[in-house]
Amino acid sequence: MHKFPLAVIGAGVIGQTHIERILKTPEFALVGVAEPDEAARQWCAERNIPTFENHPALLEATRPQGVVIATPNATHVEVAADCMARGIAVLIEKPVADTLAAAERLIQIAQDTGVPVLVGHHRRHNPILQRARQIVADGRLGQVLSANVMANFYKPEAYFDVPWRRQAGGGPVLINLIHDIDMLVYLLGEVRAVQGSLSSAVRGFEVEDTGAALLEFASGTQAVMTVSDTTVSPWCWDFCAGEQGQYPRQNVQSHFLSGTQGSLSLPDLDLWRYPGERHWHREMVREQIRVHDTDVYVQQLRHFRAVAERRETPICSALDGWRTLQATLALLKAARTGQRQTCPAFTASRNPT
Ligand SMILES: NC(=O)c1ccc[n+]([C@@H]2O[C@H](COP(=O)([O-])OP(=O)(O)OC[C@H]3O[C@@H](n4cnc5c(N)ncnc54)[C@H](O)[C@@H]3O)[C@@H](O)[C@H]2O)c1
């Protein structure tokens, strides 16, 4: 298989994660990195990666077939538009954009140019989540009526030395809980309304440190979610799913789905049901389903290549990214206003022309 020429724009925390995966995966060639920050460029130079101060220079010099965009949220769509104008497929980090209007612009560009877009909600590439989705789709839980999700963890004080992490939009809803919301959207379909409450009672920053959400899905599922970056707790996906080596892995569960025929916990994929008649006096049986661990970021890159080569359709399209962003922003607004927020289905008329 020939090496697929990839470039990376933005070599910060997640950009370096992508770069490390690209370098160790033989089917990719890293042709260059665009990064304005000198220290980050130096990090690349130490790995013999050609670097450029901006993405137009990178694209002109290296002509990649695919680009990973790992820049701050507000720049995602502008940078993507420049790549797509050159016919280059893009893997855009989550959230797809900082506003729904920007995400809608991206959807329009994708439609107009036909250039493939993949949004980096990397958990969709986890075999655990894919198996869970299959279990739901096969009807093994019956109608899924409730979901319970915990995203509770502790971020050290030094994390907040960076000013934007103390300001609105820089908190655990848009940075962390958005991944859990995307998981539910992937498993259960579109969100139709959101209620929520946020607090910053402990850290006292402008941004929330804790929140709770109630999501109503078009399917009828009701989901209850909590998030906190200020609790000492093992109950979050990053700690128990084993996706990221920097977090010691905990043998606990963080996501629970309950349906009319059975229930499923994640990440262990234990499926609970009655072997015969459904009755609360009967013994339930527990089926333990196991899948192999995988590097979700490598899986995502392999899928991105297939999307760029038009062999696969994106597991998370620009529209999928829009749906998850809409629900996440609705939660922030619901908490701000105290009002339940509806989440209308996407229509082309929403598109800016
Ligand atoms: N999927 C995940 O697991 C995950 C994890 C962390 C962050 N993210 C997302 O990735 C994006 C980046 O987050 P981060 O934590 O790596 O941030 P970061 O601040 O560590 O890195 C961003 C980098 O982009 C560079 N940059 C800024 N503007 C640029 C431009 N126009 N061209 C090229 N480079 C530019 C900055 O100098 C910086 O080095 C965000 O959208 C974030 O939400 C995703």
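Student: Are Tyr159 and Phe160 buried or exposed?

Tutor: Tyr159 is buried, and Phe160 is buried as well. Buried means under 20% relative accessible area, exposed over 50%, and partly exposed in between, with a 1.4 Å probe and protein chains only. Please note that this is a predicted model: local features need pLDDT of at least 70 and side-chain atom pairs count only at pLDDT 80 or more, while totals for chains, interfaces and linings use all residues. Residues are numbered from 1 along each chain as its sequence is written, and side-chain values use heavy atoms, with hydrogens and water left out.

Student: How many aromatic pairs are there in the whole structure?

Tutor: The search finds 5 aromatic pairs. Rings of Phe, Tyr and Trp (its six-membered ring) pair if their centres lie within 6.5 Å; planes under 30 degrees apart count as stacked, over 60 as edge-to-face and the rest as tilted. One of the pairs is Tyr159 with Phe160, which is edge-to-face, at 5.0 Å centre to centre and 70 degrees between the planes.

Student: Why is the pair of Phe160 and Phe205 tilted?

Tutor: The ring planes of Phe160 and Phe205 stand at 40 degrees, with the centres 5.4 Å apart, so this pair counts as tilted. The pair links distant parts of the chain, 45 residues apart: Phe160 is in the loop between β7 (144-152) and α7 (172-188), and Phe205 is in the loop between β8 (191-199) and β9 (210-217). Helices (H or I, at least four residues) and strands (E, at least two) are DSSP runs, numbered from the N terminus.

Student: And what is the relative accessibility of Phe205?

Tutor: Phe205 has 24% relative accessibility and counts as partly exposed, whereas Phe160 is buried at 4%. Ring pairs join Tyr159, Phe160 and Phe205 into a cluster.

Student: Which charged residue sits over the ring of Tyr159?

Tutor: The charged end of Arg165 does, 4.0 Å from the ring centre. A charge sits over a ring if NZ of Lys or CZ of Arg is within 6 Å of the ring centre and within 35 degrees of the ring normal. Elsewhere, Arg47 lies over the face of Trp43, 3.7 Å from the ring centre.

Student: Changing topic, how many helices and strands does the chain have?

Tutor: The chain has 10 helices and 15 strands. Along the principal axes, its C-alpha trace spans about 70 × 50 × 45 Å.

Student: What share of the residues is buried?

Tutor: Of the 353 residues in the chain, 52% are buried.
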